[in-house]
Amino acid sequence: MHRRAIRFVLLSGVLIVWMGWGLEEALFALAAAGLAEVVHARISGIAAGPISLRGLARFIPFMVNLSIRGGVDVALRALSPSMPLAPGFYTYQLRVDPQGTAAIFFSAAISLIPGTLYVDRRGDAGVMVHVV
């Protein structure tokens, strides 16, 4: 389970660095990495849940909004001595099956938001996330 999330995050990151840092490039990189994971899952026989186009259409603007807000927040905290930096590890309780596709997707997506990084799965307790 962890390998899929890590592979998605790494591939997305490599594509974003390789293609450039623009919004269009980042969206294309996310889509390409997601498609690569779906193809890999189908080829290797891993059961992946159905992809909802409606859900994807709702998720992309949500993710772009979080990425922009997270980037601005991290930049302000890094550049302003008056804003506190309080990095730490937090366990986030999942409301989905911890072994399922939704948990994998969450783990990959959380690492794409500036200031957050998926660290580890905590069984039924959720996922551990590092935040700034």
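Phe106 is partly exposed, at 24% relative accessibility; that class lies between buried, under 20% relative accessible area, and exposed, over 50%, with a 1.4 Å probe and protein chains only. The model is predicted, so local features need pLDDT of at least 70 and side-chain atom pairs pLDDT 80 or more, while totals for chains, interfaces and linings use all residues. Residues are numbered from 1 along each chain as its sequence is written, and side-chain values use heavy atoms, without hydrogens and water.

Let me turn to the aromatic rings. There are two aromatic pairs; rings of Phe, Tyr and Trp (its six-membered ring) pair if their centres lie within 6.5 Å, and planes under 30 degrees apart count as stacked, over 60 as edge-to-face and the rest as tilted. Phe59 and Phe62 make a tilted pair, 6.5 Å centre to centre with 50° between the planes. Both sit in helix α3 (residues 53–79), three residues apart, and so about one helical turn separates them. Phe59 is partly exposed at 22%, and Phe62 is partly exposed at 47%.

Tyr92 and Phe106 are stacked because their planes stand at 20°, with ring centres 5.2 Å apart. This pair links distant parts of the chain, from Tyr92 in strand β1 (residues 88–92) to Phe106 in helix α4 (residues 101–110). Helices (H or I, at least four residues) and strands (E, at least two) are DSSP runs, numbered from the N terminus. Tyr92 is partly exposed, at 42% relative accessibility.

Finally, Ile60 lies in helix α3 and is partly exposed, at 36% relative accessibility.
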